[in-house]
Amino acid sequence: MTNYVIGFLRPDVSGERWQQDQARIHALAEQRGWSVVLVYFGDPKRPGAVINRLMNLAYTEGVNEVIAPNADHFEPGDIPALVKIADVICADTGTRHTIPVDDDGFQADFADR
């Protein structure tokens, strides 16, 4: 069974490397046996709208992961908001951001951190 993921990048952060960053998203997904259903390019002129759109896309597409080139593509507070919908993976380090699970297998609340 294929796992579907969304790629995310902000062209203003990537600059002239945006195509390489997009390729890294696809390469990481392929390496893990996942299919990228879309890559969302965030508009720096709409910071609050970007995370809301990304969360809506992740929810409606039913993805379990969102892959970004690195954490710099997110505004402060975006990753904790997004992991309520899907895990966030940074392609540069492979770091996975997720809601922690307690010893009983339940997801912890961010207020507990």
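Predicted model: local features only at pLDDT ≥ 70, side-chain atom pairs only at ≥ 80, totals over all residues.
The buried residues of H3 are Val 50, Ile 51, Leu 54, Met 55, Leu 57 and Ala 58. Viewed along the axis of H3, these buried residues fall within an arc of 160°, so they line one face of the helix.

H3 covers residues 47-61, and at 1.5 Å a residue its 15 residues should span 21 Å; the C-alpha atoms at its ends are 21 Å apart, which agrees. Gly 62 follows H3 and has a positive phi, near 65°. The cover over the buried residues of H3 includes strands S1 (3-9), S2 (34-41) and S3 (65-68), together with helix H4 (78-82). H3 lies across S1, S2 and S3, and runs at about 155° to S2.

Asp 21, Ile 25, Leu 28 and Ala 29 are the buried residues in H2. Seen down the axis of H2, they fall within an arc of 100°, so they line one face of the helix. Gln 19, Glu 30 and Gln 31 are exposed, on the face of H2 turned away from its buried side. Among the elements covering the buried residues of H2 are S1, helix H1 (11-14), S2, S3 and strand S4 (87-90). H2 lies across S1, S2, S3 and S4, running at about 155° to S2. After H2 comes Gly 33, with a positive phi near 80°.

The strands themselves form an open sheet of five, in the order S2-S1-S3-S4-S5, with mixed pairing. S2 and strand S5 (96-97) stand at the edges, each with a single partner strand, so one side of each is left without a neighbour in the sheet. As a reminder, strands of a sheet pair through backbone hydrogen bonds, either parallel or antiparallel. S3 and S4 pair in the parallel sense, over four bridges. Val 66 stands opposite Val 88 in S4.

Aromatic side chains complete the picture. A pair of aromatic rings is described by the distance of the centres and the angle of the planes. The structure holds three aromatic pairs. In one of them, the ring centres of Phe 8 and Phe 74 are 5.1 Å apart and the planes lie at 35°, so the pair is tilted. This pair links distant parts of the chain, with Phe 8 in S1 and Phe 74 in the loop between S3 and H4, 66 residues apart. Phe 8 has 2% relative accessibility and therefore counts as buried. Phe 74, at 8% relative accessibility, also counts as buried, because the cut-off for burial is under 20%. Together with Tyr 40, Phe 8 and Phe 74 form one aromatic cluster.

Note on methods: Residues numbered from 1 in each chain as written. Heavy atoms only, no water. Helix = DSSP H or I, 4+ residues; strand = E, 2+ residues; numbered from the N terminus. Expected span 1.5 Å × (residues − 1). Buried < 20%, exposed > 50% of the residue type's maximum accessible area, 1.4 Å probe, protein only. Arc of directions from axis to C-beta. Contact = heavy atoms within 4.5 Å. Phe/Tyr/Trp six-rings, centres within 6.5 Å; stacked < 30°, edge-to-face > 60°. Pairing = 2+ DSSP bridges. Axes fitted to C-alpha atoms, helices over the stretch in contact; angles between N-to-C directions.
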